[in-house]
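Okay, thanks everyone for coming. Let me put the structure up, and then I'll walk you through a few parts of it.

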Amino acid sequence: MGELAPGSLTLALCLAAAAATAAEPAAGARAGWTELSLLNASEAQAAFAAASRANPASRDVRLGEALALLQLRSRTPANFAEAGRRLEDLRRENAADDAGLAATYFLARIQQLHSYTPDRPAAVASYRALLAAHPENYYAQLAAPKLTLLLLYDDVPPPEWERRVAEVQALLPRLTAPEALRDTRLILATAFIRLRLDHARAYPLIASALAAGSVTRMTRLNALLVQAAESAEVLGKPAEAADYYSRFLEEFPHDAKADEIRRRLGDLRRKAGS
Amino acid sequence: MKRLFTLRHLGFALLVVAFAVASWRLTWRSVRDAGPGHVTLRFAHWQLEGGIREAFDAIARDYETLHPGVHIEQMLIPVGIYRSWGTSHVIGGAAPDLVEIGQGMGGPEVYSYFHPLTEELNQPNPYNAGTPLAGVPWRKTYTDSLEGVYNRAAFDYYGASVFAATIRIFYNLDLLREITGHTEPPRTFEEFQALGRQVRDFAGRTGRPVTPLVCSYGITLMDDLFRSQIQRLATEMNPGVRFPPDLTDPTELYLGYLNRRWSLDHPGFRGAAELMHQMGREMPPGFMQLKREQAVFYFAQGRALMLMGWSSDATGLMRQVAFPVRAFRNPLPAPGPAGFGANMLGPNSEGALATFGALGIPRSSPHPEVALDFLRFLTSQPEDRKFARISGSLPVITGIEPEGFAKDMMPDGRGFPSGPTFTLGETGRVMQNHLHLLFGPEGSSDAFLRALGRDLAASMRSDLANGTHQIRRMIAVNDTSIEAMHRLLRGENPGTVLPRKYQGLVETSNEQEANAYYVELRLKQAQRQP
């Protein structure tokens, strides 16, 4: 390993300091993020304003100020426009740092969700650009399920829908964040079932998500275990169906479906035994 | 003159005494509360049913014995004013230590003004030590794992439930014996109708004004019958699985109707209307307008053989009548190849006992630690057993065998899930508006369905559009909360709750957002239908 020149060392230390700054919220901003996490937008605004007085250049604080505008109960076009302007400033100053990437993601969310006149194609383009430029970045990973639902739940002819399915399937191996992988898989699987009744393509995606143990919501786990069992039955995999039904009964023994599932499980076991 | 003088003085003296007593009570309470180490814990609720107050008092005295420095008082707030009372006190920072959440309180007034209890509920309840529930997370000790009180807007739990209820038909045992010569209640809908005929014959023969059934909550209680009939239809409309959607989720049924996959001529929907019509025939004219007190009065006077109500009404009911009372579950048609039974895939399962009436701790509570400790005590297995025994209500904690009358109130988990309810939102209002055509003197299921057909599609569209609007709004707000959590998680000591909450929020947002887009797509496709 070659010796570091003093200039290089200084640069390395500066980069390390910058990285550390990006990784953690500024001390003053922490109160603002805490309030924002609790859906207290007005209190968050006050906390970010105080942090801004102490450190007006902090991009973390400026991002917080912009996002607090999106969380206010008065969801007005003026608030969205002001939030968009602040996010645009952050992105223009530096599109590649943490705050800049967050700003890019939230500008797409304004296009897709917050705006009273959503611009779906623009949101799709923004998510695609984010995923292309920074595939492993947190915000790109966050964008993947959003892009997936925009592509699949659209009124397009079957060939175009299949082309979009292929785009999403190509995206899956690039997803490194467990939550992005889980949700992109499940949005795709649910679309296969709801829009095509396609158990063959849905089942492996659901099975993977269940095997990874990444489903945290009990109501969703309830629905997915039933769906996995039903799809397995349709696909002629009775042993796998029985496993999912058994797991359902372990998790939800008092559910309104439990009695019927016990009956189905009995049938599957009888068939397996005969 | 002298007499008038004396009366005036007597009145004045009474006023002085009343003032003195009130002042003394106020002063005593202030002095007691201000005493070193003394805590007065107050909790508010709206459960005025018989037995509840006594049960709360008994548990409170147990707790006081265990914790001599603590005094507990309950505040009973009438249902009619509960929402305004609760909201103003909670937001104004003047709420008691524990407040029952519900009756319209469920949005920002909860997640902004109550302490989240998710972390505590994921820990064992220390008052379950020495019971089979020792070491079990508090939330999992509930019959429904507290699913019923999970706040889906904030992805947190803000309270621990104390109540659970089922729908049951109470009957006058003596009158049943007098009319039929036996005491066995009907088990099927056909037997129920036969009993109705016997009651009418009895009334005609004896001249006694007895009606078979009375109820006070109208359509809500008959919803069970309605949902039994759309069991098969709802399952057919639910893509990819052989189960109907959840009880409160009619989305797929609405989308199916709007996309012309079923109509009001569907045997299931016709059966639902006809079954309710036939049930209505067992009740007195104008039953939809009856208030609870009026219905109980009918029953207590022996003018109705049966009363349909909530299990939580049982204790109060027993105190008001002079005859033995028993209860049975709503009799439903049996599944079969023809008639009502053909619309069913199995008897309606009641599933797990859903809990409600969570007591939460407002952020303004003067004694949050004591409030939490009392809440744990109240919902421990031994104390819930005692609460259920005294109040006659259903136990909310697992592993408690109901005693006596409560045995007949426990949910029946056998069978198949029912279809979703049509009582919610604009569609529920439209259904309600046309019920006079079903239950009126000249009412029929045909007249009801004809009128319903004019309004149903618009109401379904409105409910679906409103639902997606609400979801988008919730997701928009939570988007920024997710970002805030992400940043806090990168800091030091994020704890154990935040990572779980973050994961749950991301997962739910993506799932709900996909649902909203799906509904919009299917609504768009429905517009193209001829």
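So, let's begin with chain B, where the domain assignment gives three domains: domain 1 is 32-165 plus 354-392, domain 2 is 167-349 plus 411-423, and domain 3 is 425-530. Keep in mind that this is a predicted model. If you take the centres over C-alpha atoms, domain 1 and domain 2 of chain B sit 33 Å apart. Where these two touch, domain 1 of chain B puts in seven residues and domain 2 of chain B puts in eight. On the domain 1 side of that contact, you get two nonpolar residues, four polar and one charged.

Now pick out one residue in chain B, Ile169(B), which is in strand E7, residues 167-172. Is Ile169(B) buried or exposed? It counts as buried, because Ile169(B) has 21 C-beta neighbours inside 10 Å, and the cut-off for buried is 20 or more. Apart from residues within four places in sequence, Ile169(B) is in contact with Met306(B), Met308(B), Ala327(B), Phe328(B) and Asn330(B). Compare that with Asn125(B): it's 44 residues from Ile169(B) in sequence, and C-alpha to C-alpha the two are 35 Å apart.

Next up, the core. The largest nonpolar core has 208 residues, and the ones with the most contacts inside it are Ala143(A), Val214(B) and Leu307(B). Helix H18 of chain B, residues 445-489, gives the largest share of this core, 12 residues. As for Val214(B), if we skip its neighbours within four places in sequence, its contacts include Met283(B), Phe287(B), Tyr298(B) and also Leu307(B).

Helix H7(A), residues 120-133, packs against H8(A) at about 140°, with the axes 9 Å apart, and the crossing is left-handed. Among the residues making the contact are Ala123(A), Val124(A) and Leu131(A) from H7(A), and Ala140(A), Ala143(A) and Leu147(A) from H8(A). By class, that contact has 12 nonpolar residues, three charged and no polar ones.

How values were computed
Residues numbered from 1 in each chain as written. Chains lettered and ligands numbered in written order. Predicted model: local features only at pLDDT ≥ 70, side-chain atom pairs only at ≥ 80, totals over all residues. Core = buried A, V, L, I, M, F, W, Y, C linked by C-beta atoms within 7 Å. Buried ≥ 20, exposed ≤ 12 C-beta atoms within 10 Å, placed from the backbone. Helix = DSSP H or I, 4+ residues; strand = E, 2+ residues; numbered from the N terminus. Domains from an automatic or database assignment. Nonpolar A, V, L, I, M, F, W, Y, C, P; charged D, E, K, R; others polar. Axes fitted to C-alpha atoms, helices over the stretch in contact; angles between N-to-C directions. Left-handed = near helix turned anticlockwise from the far one by under 90°.
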